[in-house]
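Me: I have not looked at this structure before. Please take me through it in questions and answers.

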Amino acid sequence: MRLLPLAVRDLPAMQAHLDADPEYARRVSGADPAPGSATDLILDRPPDLHPDRKAVLGAVDDHGLAAVVDVLRGWPASSIAHIGLLQVHAGRKHQGVGRRTHAMLVEWVAQAWPEIRVLRAAIVATNADAAGPFWAAMGYQPTEAPKPYRAGVTSTTVTAWTRPVAPLETGAP
């Protein structure tokens with residue numbers, strides 16, 4: 001598996017990836033993925049963030065697009081990379097794809113963005129049962145108080161979880 005930048009040419013594969021997991025979209029927005037969800041993923045970013053500070057990456061193997069990652073460089077602070085999405089293809093869950101994708105992302109951020117010291121992910125409360133155990137296993141911990149969150153018909157909270165970019169200690173000698 002390798003981690004590659006995704007672009008407009010990859011929109012059909014990205015949309016198929018998002019469409020394959022409507023349960024995720026329902027948990028965070030209350031609706032199925034919209035036809036333009038992949039375009040939104042490529043384009044959407046905080047208004048104060050320059051487009052070149054956003055990367056959409058794909059974990060690709062012989063079977064195609066296994067996972068999609070959306071990450072913002074230097075947001076909300078200069079030493080932080082915010083992971084807006086790490087979504088494993090619905091047909092590839094529980095096969096270690098998320099763990100491998102995250103490991104590649106950590107390495108990619110460390111090499112491409114050396115100023116980044118902290119990785120940050122936001123967990124929407126309506127998706128916490130599905131996402132929380134994964135992020136905890138990757139070494140993330142909640143570090144901010146929950147904030148209001150609204151997307152589509154979903155009105156809930158979102159909590160930021162963080163971990164250092166540097167590899168975590170495993171306790172092995």
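Me: How many helices and strands are in the protein chain, and what pattern do they follow along the sequence?
Reply: This is a predicted model. The protein chain has five helices and eight strands. Read along the sequence, their pattern is β-α-α-α-β-β-β-α-β-α-β-β-β.

Me: Why is the protein chain as compact as a globular protein of that length?
Reply: For 173 residues the globule rule gives 16 Å. The chain has a radius of gyration close to that value, so it is as compact as a globular protein of that length. Its C-alpha atoms fill a box of roughly 45 × 40 × 35 Å along the principal axes. The radius of gyration itself is 15 Å.

Me: What percentage of the residues of the protein chain count as buried?
Reply: A residue counts as buried under 20% relative accessible area. The protein chain exposes about 9,200 Å², of which carbon and sulfur atoms supply 57%. Of its 173 residues, the share that count as buried is 45%.

Me: What share of the contacts with a separation of 6 or more comes from residues 24 or more positions apart?
Reply: A contact here means heavy atoms within 4.5 Å. Among contacts in the protein chain with a separation of 6 or more, residues 24 or more positions apart account for 62%.

Me: How many Å apart are the centres of the positive and negative side chains?
Reply: The protein chain has 17 positive side chains and 17 negative ones.

Me: Where on helix 1 do its buried residues lie, and which elements do they pack against?
Reply: Helix 1 covers residues 11–19, and its buried residues are L11, M14, Q15, H17 and L18. Seen down the helix axis, these fall within an arc of 155 degrees, so they line one face of helix 1. They pack against helix 2, helix 3, strand 2, strand 3 and strand 4.

Me: Is R92 buried or exposed, and which residues is R92 in contact with?
Reply: R92 lies in the loop between strand 4 and helix 4. Its relative accessibility is 14%, and the cut-off for buried is under 20%, so R92 counts as buried. Leaving aside neighbours within four places in sequence, R92 is in contact with M1, D61, H63, A66, V97 and R100.

Me: What is the phi of H94, and is H94 buried or exposed?
Reply: H94 is in the loop between strand 4 and helix 4. Although H94 is not a glycine, its phi is positive, about 65 degrees. With a relative accessible area of 85%, H94 is exposed.

Me: Which two residues does a cis peptide bond join?
Reply: One of the two lies in the loop between strand 3 and strand 4, namely P76. The omega of the bond is about 5 degrees. The residues that this cis peptide bond joins are W75 and P76.

Me: How many Å apart in space are H50 and R73?
Reply: H50 is found in the loop between helix 3 and strand 2. With a relative accessible area of 49%, H50 is partly exposed. H50 and R73 are 23 residues apart in sequence, and their C-alpha to C-alpha distance is 9.5 Å.

Definitions and conventions
Residues numbered from 1 in each chain as written. Predicted model: local features only at pLDDT ≥ 70, side-chain atom pairs only at ≥ 80, totals over all residues. Heavy atoms only, no water. Helix = DSSP H or I, 4+ residues; strand = E, 2+ residues; numbered from the N terminus. Rg over C-alpha atoms; globule rule 2.2 N^0.38 Å. Buried < 20%, exposed > 50% of the residue type's maximum accessible area, 1.4 Å probe, protein only. Areas by Shrake-Rupley, 256 points an atom, 1.4 Å probe, with all protein chains shown as cover. Lys, Arg positive; Asp, Glu negative; His and termini not counted. Charge placed at Lys NZ, Arg CZ, Asp CG, Glu CD. Arc of directions from axis to C-beta.
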